[in-house]
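Please read it with the structure open.

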Amino acid sequence: MKRLSNVDLDDTLPKDEALRRLEAAQERLLRLRLRLGGQIGGDHHDGEGKLGPPLCVVFEGWDASGKGGSIKRLVDHLDPRHVRVSQFAAPTFDEKRHHFLWRFWPVLPGWGGMAVLDRSWYGRVLVERVEGFATEEQWGRAYDEITEFERTLAAEGMVIVKFWMHISGKEQLRRFRSRQDDPLRSWKLTDEDWRNREKRPAYKKAVEEMLARTDHPAGPWHVIPGDDKPTARVLVVETVCAAVEEALRRHGMQLPG
């Protein structure tokens, strides 16, 4: 079954409902993040609680699919000392000397921590596959390597929330042109973005295989319809809240009020 073709990109929320739900979800995430970090909870006499499981939120998606805007809304209400946002581009010369997963370890959160990754280890089976930066043998075995990597992290307690931000080719083109005409946003659009767009069928095939082969109970994929930015942002924050609440219950920790 093709997961991307099952996404209803026309399903949008009314603006007032989207704003109301986003504000409620951001407030909820703030409380949950403080609970994970032990800043609130009331398990100890001083009012602080025990540390909750580490939370890692992974963003992948089409160019101009709204990853940056969704990340901004996700962390907007959080204290910057309580969350780390990391962005990954092409690996450096030194990073290429190691296994492709090596460079991601330093940014992973520990107990009580939260990390948000703008791009991730999935570059191996996406851009590195399509552009030929990895051999077929390398990206072919990466599906199992990534899945076992995430299962290992989850076995240690990590909550992994993975998003694929999905937009139509038509909407992507509209956003490209909008960026191109805006002097304050034109820096976001590169020649590489245009080249990637020309290879959209190849990328779509790679995305479908990625979703099919790396979706597992410890790290399920959440495909977010992104043609309407307000709706996408609501779904992202609400999905993270639901994942954290489930994890707290699983660890026998009281949810914040």
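1. Buried means under 20% relative accessible area, exposed over 50%, and partly exposed in between (1.4 Å probe, protein chains only). By that rule E171 is buried, at a relative accessible area of 12%, whereas R174, at 47%, counts as partly exposed.

2. On the source: this is a predicted model, in which local features need pLDDT of at least 70 and side-chain atom pairs count only at pLDDT 80 or more, while totals for chains, interfaces and linings use all residues. Residues are numbered from 1 along each chain as its sequence is written, and side-chain values use heavy atoms, with hydrogens and water left out.

3. The sheet is open and has five strands, in the order β2-β3-β1-β4-β5, with parallel pairing. β2 (84-87) and β5 (221-225) stand at the edges with a single partner strand each, so one side of each has no neighbour in the sheet. From one strand to the next the twist averages 20 degrees. Strands here are DSSP runs of E of at least two residues and helices are runs of H or I of at least four, numbered from the N terminus; two strands pair if DSSP finds at least two bridges between them.

4. Strand β4 (residues 159-166) pairs with β5 in the parallel sense over five bridges. F163 has H222 as its bridge partner in β5, and H166 has P225. Is β5 mostly covered or mostly open? Four of its five residues are buried, so it is mostly covered.

5. Helix α7 (residues 200-213) lies across β4 and β5, at about 155 degrees to β4. Helix α8 (residues 229-250) lies across β1 (55-61), β4 and β5, at about 165 degrees to β4. Axes are lines fitted to C-alpha atoms, for helices over the stretch in contact, and angles run from 0 to 180 degrees between N-to-C directions.

6. R129 is found in helix α3 (residues 127-130) and is buried, with a relative accessible area of 14%. Its side chain joins that of Y143 in a polar contact of 2.9 Å (N or O atoms within 3.5 Å, where within protein one must be able to donate a hydrogen and the other to accept it, and residues adjacent in sequence count only if both atoms are side-chain atoms). Leaving out residues up to four places away in sequence, R129 touches several residues, including W139, K205 and E209; contact means heavy atoms within 4.5 Å.

7. The structure holds 22 salt bridges, each a side-chain nitrogen of Lys or Arg within 4 Å of a carboxyl oxygen of Asp or Glu. Which residue meets E238 in a salt bridge? R21 does, at 2.7 Å from N to O. E238 lies in helix α8 and R21 in helix α1 (residues 15-36), so the pair ties together parts that are 217 residues apart in sequence. E238 is partly exposed at 27%, and a network of salt bridges links E17, R21 and E238.

8. R119 forms a salt bridge with D63, with the closest N and O atoms 3.1 Å apart. R119 sits in the loop between β3 (114-118) and α3, and D63 in the loop between β1 and α2 (67-75), 56 residues apart. R119 is partly exposed at 23%, whereas D63 is buried at 16%.

9. The side chains of R174 and E171 meet in a salt bridge of 2.8 Å, N to O. Both residues lie in helix α5 (residues 169-180), three residues apart, about one turn of the helix.
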